[in-house]
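User: Please take me through the fold and the cross-links of the structure below, with the criteria behind each term.

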Amino acid sequence: MQSWRRRKSLWLALSASWLLLVLLGGFSLLRLALPPRPRPGAPQGWPRWLDAELLQSFSQAGELPEDAASPQAPHGGSCNWGACFDTSKCRGDGLKVFVYPASGPISETHHRILASIEGSRFHTFSPAGACLLLLLSLDAQTGECSSMPLQWNRGRNHLVLRLHPAPCPKTFQLGQAMVAEASPTVDSFRPGFDVALPFLPEAHPLRGGAPGQLQQHSPQPGIALLALEEERGGWRTADTGSSACPWDARCEQDPGPGQTQHGETLPNATFCLISGHRPEAASRFLQALQVLAALQEMSPARVLALRQQTQFLWDAYFSSVEKVIHTTLEVIQDRIFGTSAHPSLLWNSPPGALLALSTFSTSPQDFPFYHLQQGSRPEGRFSALIWVGPPGQPPLKLIQAVAGSQHCAQILVLWSNERPLPSSWPETAMPLTVIDGRRKVSDRFFPYSTIRTDAILSLDARSSLSTSEVDFAFVVWQSFPERMVGFLTSSHFWDEAHGGWGYTAERTNEFSMVLTTAAFYHRYYHTLFTHSLPKALRTLADEAPTCVDVLMNFLVAAVTKLPPIKVPYGKQRQEAAPLASGGPGPRPKPQAPAPDCVNQIAAAFGHMPLLSSRLRLDPVLFKDPVSVQRKKYRSLEKP
Amino acid sequence: MCASVKYNIRGPALIPRMKTKHRIYYITLFSIVLLGLIATGMFQFWPHSIESSNDWNVEKRSVRDVPVVRLPADSPIPERGDLSCRMHTCFDVYRCGFNPKNKIKVYIYALKKYVDDFGVPVSNTISREYNELLTAISDSDYYTDDINRACLFVPSIDVLNQNTLRIKETAQALAQLSRWDRGTNHLLFNMLPGGPPDYNTALDVPRDRALLAGGGFSTWTYRQGYDVSIPVYSPLSAEVDLPEKGPGPRRYFLISSQVGLHPEYREDLEALQVKHGESVLVLDKCTNLSEGGLSIRKRCHKHQVFDYPQVLQEATFCVVLRGARLGQAMLSDVLQAGCVPVVIADSYILPFSEVLDWKRASVVVPEEKMSDVYSILQSIPQRQIEEMQRQLFMEPARRESWLAANHQINSLIWPREQWDSQIINDRIYPYAAISYEEWNDPPAVKWGSVSNPLFLPLIPPQSQGFTAIVLTYDRVESLFRVITEVSKVPSLSKLLVVWNNQNKNPPEDSLWPKIRVPLKVVRTAENKLSNRFFPYDEIETEAVLAIDDDIIMLTSDELQFGYEVWREFPDRLVGYPGRLHLWDHEMNKWKYESEWTNEVSMVLTGAAFYHKYFNYLYTYKMPGDIKNWVDAHMNCEDIAMNFLVANVTGKAVIKVTPRKKFKCPECTAIDGLSLDQTHMVERSECINKFASVFGTMPLKVVEHRADPVLYKDDFPEKLKSFPNIGSL
């Protein structure tokens, strides 16, 4: 009995062992016998076909080049650039635009927009000579609707500009006309043909426009990361503290965190989420949390770049009605120009395509703004441009001083007075060219083709400079090629008493303008001055010559958004001679230009671009109590 | 194991009583069990090593062996392509959320052979190119074999060439894919769309919402922001290796090498040749060659025979005309040859036009302007032509193009920064770096160019003020003096003391000078110089004044003026002690210079203003081992900062005010440390070390410093804003 029991337990133990063996070993044996099934995790991949080498090409060798040709353009339901725009009328320099005059009474805004286009470089009065015919369709509130214009021609070469959503019924077929409007629908928008505009509020400023509100480059620590637009104009903010949702599971959180902020003012947040649709607020908040998760991963460098780019875009293209219209026209002009259109860099980095004219150049390094991005350097030479107004003494001493500079490449004399040209000029090693001017003050900033260097030293016949001063100022300009570098300065200030801008040429602790009777700047500013300023402003400068300085300073400040640079100037002479009287040129005493000059120009710009600086750039050892022998610019040291 | 152990223990008691017969039987059995167990244990480990070998995963089969799928004649057909599809309407982005930090995941359907009711194949199973394309995807990080985690689905049904497939049946084959769902998130590749006589510009196969990567889109069929325009593959580009040819003038100005052109176009081109003589070359296929096979590699003009595509390298511009289809394989040949393409194909969407800036690498001429093409090209300045030629060297080659197509789709779905730098360095995916510059700038342009992180011209408001950061170890007396002096500066908004001494506690609160702004002490974990450049949360202003605990001579006017100067140059280092680097011609290396010279290229951060962003850069983005090197040597953190800022902005420093003595009025010209000869040697070493790590010398030398407008002018001192500017 016992042996049976023993045997039984023995059998039990044995069968247990066998079972274990089968369990553990069986699987392994099975795995060996069967082809291995890939583990999840390790991708199986597209098979390497044994006969991959034998596969045929998708097109037979002969087939590609033997395409049967049919020169018929593919047709579609709507227009594109090649089919519906006739570029044959657009020869010559730049886009010429004819604007249909308004029929009947028009609103003040309409009137001002018309005036703004008429004053711009694009405008022409002849519909026959125009490349683009512009039809303004904007008086939303008066219910004014345009009727079919005269030269309509099925809309060919027409641009219909709708600044505000048009309440007008379509009184005529748009046909081949391009449409520029806000929020076009995907169905009707023809990419590369129509132009999408930003949505403009009724009260959008006509020109100038408020500058961007960004006051610092990087976001302030502690402000909300994301603000979400709510239905009644309010904003709800969410911060990094709000728990974000994983991307795969749709959020199931209560939209609890965050505070709601009422009112029209934009929230103080790094990002704003604006949704085109109007789904339920709650679900949008959940979306926002998802967005938040993505934003939290964004590097500080990226946030910094995005912030700055929004400000740049706003300032360059969005902040006024005029900018929006000019951008539209510039976009169309780029399509016409084809190869000589703005490169993308010019559109997307400051100062933007409206201020970097493609008619000047399409190579970024020709402009003063892009040397850093291009890794290029401004040229090491300059041209001196000496303006000789009345009474018309040849500036012999000045020519000698300038010609003495090692950086001088050429001297141009702009003869602009009633006296006959002198027959002989002083002997210098420098090439000297005399230009017989048209006796207009704005001539001083004409882009003469004889100017062969990027840098211009603009001078007045009665300016007095030493070679050291010229040399040092030019070396400084090379570090700041987009700014004006000058010797004498003046300032603008807000005059509370008169409720307007004031001007002073007296010496103060700060300045916002340099006198162009002795200043270095890039020759591109001559092109901008002549071709981009409204005609009215250039006329103003011709009529009130002392304004020309102010105007040039406004222009450069509006482009660079930076103050000019002052370099040291021999004190004695500054007291004795310089500033102009009755014309650009030295005046016996510092004297304000026509009193309203600054105000008129500021009104035309739509804002005050001038910025003040409190510093002067001096040579590194300037007036230091060390031996003069150690100093490079010794003549600047004289008391 | 347990069972056998138990048996073993009991064994000795049992065995002697057993009969010998049984004994032998049991011992044999037992050995078998043991052996089995040992074997089992070994198998537990072996299969892993077998599986991890690479070939184990990849199936090796023949294309002919793939399963056959019969499509009934009445199986469903998808809707025609939906022209209004956009990413937000037809694409399900939620499927792409499984790996938010990584990339989109692409699933490839298994290869099948589709036949109709009569067993007639629907199309060629797969072409060589489509197989290569799918292999490329499968080898990439985008690939997943888990259909549930996929964001994009790529059918293995080959639709590269519409001519080789039956349209209705192919559509039915698409519709029966397991995750088809109206084509949502499905991606089809097609290079030759349309067919005679009207040649549609997009694939005619009904495909509902599927994305199409197509060669030869026109503006009518291309769904902006949804479809992807890809180049048409040229078999020649793959076969022929052309030597690289640099920018510069070439033998011919303009070449047309297409065959099978419409007679009207050929007439126009030949008229150009008559008019402009030698500089224009119009080629056609060779009629008199005996070998038919080679004819695609030859082109003829009259009786002259030219090798194609080599002849393209001889021309500055190459005409790419529209044939029956808009997309021309010849574009690839032209790009490869470094010839600037002149694209004459109205409404053609150039490949990858969403990300590539074709304006920089091609000339697009409207068809009606064809007769003017010569004068249009002549008007392009030589410099611009060379720029275009440089661009061509980085146009995607064939294989990369396909990957680029994937990247483009990827970038449509994900915000771009989700692609982090790990991908950028990835050798296999040169197009993963996806900023505009990275898509479009050849490496040559990048050399010497910078993109300033603070590019927006902006003068921060004065009211923001600055945060002073004093790095200190144990010089408490001098530290308190510095704190007292700095606290007098009107624009100071906070003072931060970085206490770098771990062995000693900072003085008690009551002992610190009482100042009008918040004073915070940060204790550091290690005595490291880089602690002074850490982007502490306590820094709430953009402007930072770094100041040593022994700089006692700077006046309040000087500091306030320095802050004003920084506001005008917020992207630069604006500091007081100026230094210079020089090239030592004898030693053939850089040298550090602290003499009073006419030039300056560095300012020491013992007293300097800068933007707090540079703290972030210094701490997290300093190239190479510089940061560790500085901490190990306990020196040169200031030089490193100068290198970093100059390298990223491309701009020089600004030295402010004439001040040259900072520590004590009695000291000789140069302060204590700087006199030490070994110190000078060490500093020079730093410059050489950093220049080699940066791969360039980023420091810029200037001859100016910033003084107040009326400094040293003959003007009443009491009317000057900053009268107290020391001369040394």
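User: How many helices and strands does chain A have?
Analyst: Helices (H or I, at least four residues) and strands (E, at least two) are DSSP runs, numbered from the N terminus. This is a predicted model, in which local features need pLDDT of at least 70 and side-chain atom pairs count only at pLDDT 80 or more, while totals for chains, interfaces and linings use all residues. Residues are numbered from 1 along each chain as its sequence is written, chains are lettered from A and ligands numbered from 1 in the order in which they are written, and side-chain values use heavy atoms, with hydrogens and water left out. On that basis, chain A has 15 helices and 21 strands.

User: What percentage of the residues in chain A is buried?
Analyst: Buried means under 20% relative accessible area, exposed over 50%, and partly exposed in between, with a 1.4 Å probe and protein chains only. One such residue is Cys408(A), which counts as buried at 1% relative accessibility. Of the 639 residues in chain A, the buried share is 52%.

User: Among contacts in chain A between residues at least 6 apart in sequence, what percentage joins residues at least 24 apart?
Analyst: A contact here means heavy atoms within 4.5 Å. Among the contacts in chain A between residues at least 6 apart in sequence, the share that joins residues at least 24 apart is 71%.

User: How many disulfides does the structure hold over all chains?
Analyst: A disulfide is counted as a pair of cysteine sulfur atoms within 2.5 Å. One of them joins Cys318(B) to Cys339(B), with an S to S distance of 2.1 Å. Over all chains, the number of disulfides is six.

User: Which handedness does the disulfide of Cys286(B) and Cys300(B) have?
Analyst: The sulfur atoms of Cys286(B) and Cys300(B) are joined at 1.9 Å, and both residues are buried. Because the torsion about their S-S bond is about 105 degrees, the disulfide of Cys286(B) and Cys300(B) is right-handed.

User: How many residues apart are Cys636(B) and Cys686(B), which the disulfide links?
Analyst: The sulfur atoms of Cys636(B) and Cys686(B) are 1.8 Å apart. Cys636(B) is buried, with a relative accessible area of 0%, and Cys686(B) is buried as well, with 2%. Cys636(B) lies in the loop between helix H18 (626-633) and helix H19 (637-649) of chain B, and Cys686(B) in helix H21 (residues 677-694) of chain B, so that the pair links distant parts of the chain, with a separation in residues of 50.
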